[in-house]
Amino acid sequence: MLSLIPKALTLSLSSRTTTRLILIPLPLKPVASRPMSTQRMFQLKLDPLTGNSEWVVIEENEDVPESSQEPLLATTSYLDMLNDSYRNRAYRLAIDKMVTKSCHVLDIGAGTGLLSMMAARAMGSSDSTTSLNTKGMVTACESYLPMVKLMKKVLHVNGMGRNIKVINKRSDELEVGVDIDSRADILVSEILDSELLGEGLIPTLQHAHDRLLVENPLTVPYRATTYGQFNLSIRGLLATWSLFNSEKLHDLYNNEAKALDGIHLVPAGMDSILHVKSQQYAMHCDAITKEIKLLSEPFKIFEFDFWKRPDSHGETELQIKSTDDGRVHAVVSWWVLQLDREGTIFYSTAPRWISLPIHKSTGNWCDHWKQCVWFIPGKGMSICKGEELLFHALHTETSVSYELKSQIPITDERQHNLNAKDFQLALPPERIAIYGDGEWRLSMVMAMRNALQGRVQPLCVVADDSVFLTICVARLSKTAHVLSLLPGLGDKGAQYLRTVADPNCFSIDRVEILQKGKKCLTMDDTQQKKVDLLIGEPYYFGNDGMLPWQNLRFWKERSKLDPVLSKEVIIMPFKGILKACAIFCPDIWNSRRSLSKIEGFDHAVVNTSLGACGDLPAPKDGPCLPFFTWQCGEIKKLSNVFTVMEFDFSKPISPCQGKVQVEFTEPGLCHGFALWIDWVLDSENSIVISTGPDKRYWKQGVKLMAKPVAVGFEESGRTDLCSSTLVEASFDPSNGELNVQHTFS
């Protein structure tokens with residue numbers, strides 16, 4: 001799986017061979033702005049069921065079959081980006097306008113080579129014309145070796161290879177006179193994320209202006225401007241993120257004393273001990289258009305000119321007038337690209353409620369760029385219509401942060417607690433939201449209380465990163481000894497538990513954290529006592545972007561612990577149930593559909609490698625991808641929720657299969673299936689935590705079909721509609737892969 005690729009570790013093995021090490025933890029788009037010089041690359045892939053990693057070797061000159069490349073690229077955002085026709089057209093118009101004569105164009109983060117081909121075509125370059133030289137040539141710089149291989153195929157198919165020089169290096173490793181003959185006259189690039197700066201835009205531009213570009217170069221894009229708008233969360237953001245800075249987290253640190261469970265994740269006097277990192281969170285804000293109240297007009301925050309060297313840091317202060325009464329809970333932000341120098345070609349990531357001309361969004365749902373949400377700490381800020389707020393914004397090389405400086409300082413004595421000041425545990429916003437959810441807490445505590453009933457001095461192992469369950473057991477049972485593995489939180493989780501032990505009325509002597517680096521629990525760790533309770537939410541820190549069934553790591557951990565489990569051990573959750581429903585989801589499907597020609601350039605050769613759906617020579621379903629389905633544009637259930645298979649945690653992990661005939665309950669076009677896991681906490685099946693589409697805290701897996709199918713229910717009498725489908729699935733515990741197949745009837 002691919003992510004934002006950090007700066008690679010280089011091991012020089014000889015004068016001829018360079019080996020690169022890249023950590024790839026999440027299924028996101030790699031940073032194309034940091035190219036690498038490489039003949040061999042080691043890509044580190046994470047095994048979600050063990051938390052361990054393995055190396056995949058990619059050779060530059062090796063002819064790797066497309067089928068073996070597919071897992072590397074099929075879960076990235078390349079396909080979604082290439083299906084963004086509005087983006088493609090805007091770049092093509094700007095490049096055609098900017099590149100009017102033979103010159104040297106540098107494309108940083110070239111990907112499939114689309115922008116490079118646009119530049120070469122604008123110069124009238126092709127295999128049959130000008131020979132390779134610095135006047136009338138394009139240098140395509142791309143860091144990720146599998147994408148370099150794919151780019152070369154695209155260039156070959158389009159007859160554009162001769163005047164496009166492909167370099168597999170980081171752009172800040174390029175040298176004039178070594179890699180390129182002269183400085184470039186024009187820079188074309190697309191090294192932007194939802195926040196704008198997260199893919200290293202600023203350092204990449206700085207190095208390019210210092211070392212790679214002529215003085216006063218032309219650039220596409222020409223400029224990027226960030227904008228913001230205050231909003232009051234009514235239901236959407238509260239129900240979605242539970243606003244760590246608002247109602248739910250405010251309840252967490254202010255109202256836990258009133259909770260029936262008596263568990264204090266944020267004890268009085270320690271308001272900031274458990275928090276969400278202050279940063280911008282990418283989110284499809286159009287999904288909550290009807291659930292928020294806008295409290296200001298849009299305002300400009302920062303402007304970044306690509307045609308000149310940017311500063312590493314910047315800040316601004318603005319007086320923003322409120323347009324209504326309310327409480328500011330968040331700042332929604334977006335950016336607008338001005339692609340040409342004259343200011344006639346724009347691209348915007350603004351939410352659809354913004355109607356100003358240059359902010360007009362594409363209208364098409366896409367996942368590679370979203371809006372960003374910055375939550376205001378505490379309760380937010382109460383304002384009246386017409387009141388002016390002092391808005392302070394700061395940017396570093398890779399991020400942007402905000403502050404409402406006119407907020408009334410909080411003088412509550414709780415702010416002066418040294419523990420809260422000296423130590424903070426940062427968790428993802430969804431996790432904070434879950435911990436503030438009364439229904440979820442009640443279910444967990446009830447199941448835990450039932451499991452502990454009648455047990456004297458039980459040994460309880462918390463197999464995941466749940467600080468909640470660790471506190472819960474220690475508080476509910478005064479004689480229990482708790483051994484918490486905390487595989488992801490580690491020392492930080494241990495320090496947090498030590499800090500909150502006294503306010504939660506348990507002795508930290510009864511809570512033990514598995515020694516760092518120890519891979520397996522033994523009888524020596526348990527003082528020769530067998531484990532009475534093995535529990536988990538399950539939650540593994542750092543796995544938030546993964547597919548739902550990858551939390552079956554709990555089952556894998558349970559199997560490893562089998563030798564230390566007592567015969568009467570209670571395991572919670574008792575089992576997992578793979579649930580699914582058929583869905584109409586045109587926006588997701590269209591963002592992952594097969595490519596043909598993009599602005600005149602044939603891209604069909606990349607479809608298999610990028611995991612595309614649609615009209616292919618050998619059509620195949622797309623890969624399962626993790627989505628917050630409620631954010632995925634237009635979506636509708638076409639069937640009742642059905643059970644695919646069950647995972648029995650009372651037994652060691654094993655292969656599982658499931659088969660179910662699904663009847664459609666709604667007419668429509670079926671694009672695929674949403675899949676998730678319901679966690680059954682007890683053996684009586686009476687307490688269940690669902691992570692389905694109706695729950696906004698969790699991502700679901702989406703399995704897209706090769707082609708949409710028109711469906712309906714039997715009673716409709718229409719013979720042209722499929723009324724049911726046979727869904728079959730298998731789970732492979734050796735790699736955590738879930739294979740889902742379907743047959744329509």
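## Terms and model

Exposed means over 50% relative accessible area, buried means under 20%, and partly exposed lies in between, with a 1.4 Å probe and protein chains only. Helices (H or I, at least four residues) and strands (E, at least two) are DSSP runs, numbered from the N terminus.

This is a predicted model: local features need pLDDT of at least 70, side-chain atom pairs count only at pLDDT 80 or more, and totals for chains, interfaces and linings use all residues. Residues are numbered from 1 along each chain as its sequence is written, and side-chain values use heavy atoms, leaving out hydrogens and water.

## Positive phi outside glycine

Gln457 is not a glycine, yet its phi is positive, about 50 degrees. Look for Gln457 in the loop between helix 11 (438–452) and strand 24 (459–462). Gln457 counts as exposed, because its relative accessibility is 54%.

Leu486 is also a residue other than glycine with a positive phi, near 40 degrees. The loop between strand 25 (481–484) and helix 13 (490–500) holds Leu486. Leu486 has a relative accessible area of 2%, so Leu486 is buried. Set side by side, Gln457 is exposed, whereas Leu486 is buried.

Val220 and Pro221 are linked by a cis peptide bond, with omega near 5 degrees. Pro221 sits in the loop between strand 9 (213–220) and strand 10 (223–233).

The peptide bond from Glu537 to Pro538 is cis too, and its omega is about -5 degrees. Pro538 belongs to the loop between strand 27 (531–535) and helix 14 (553–560).
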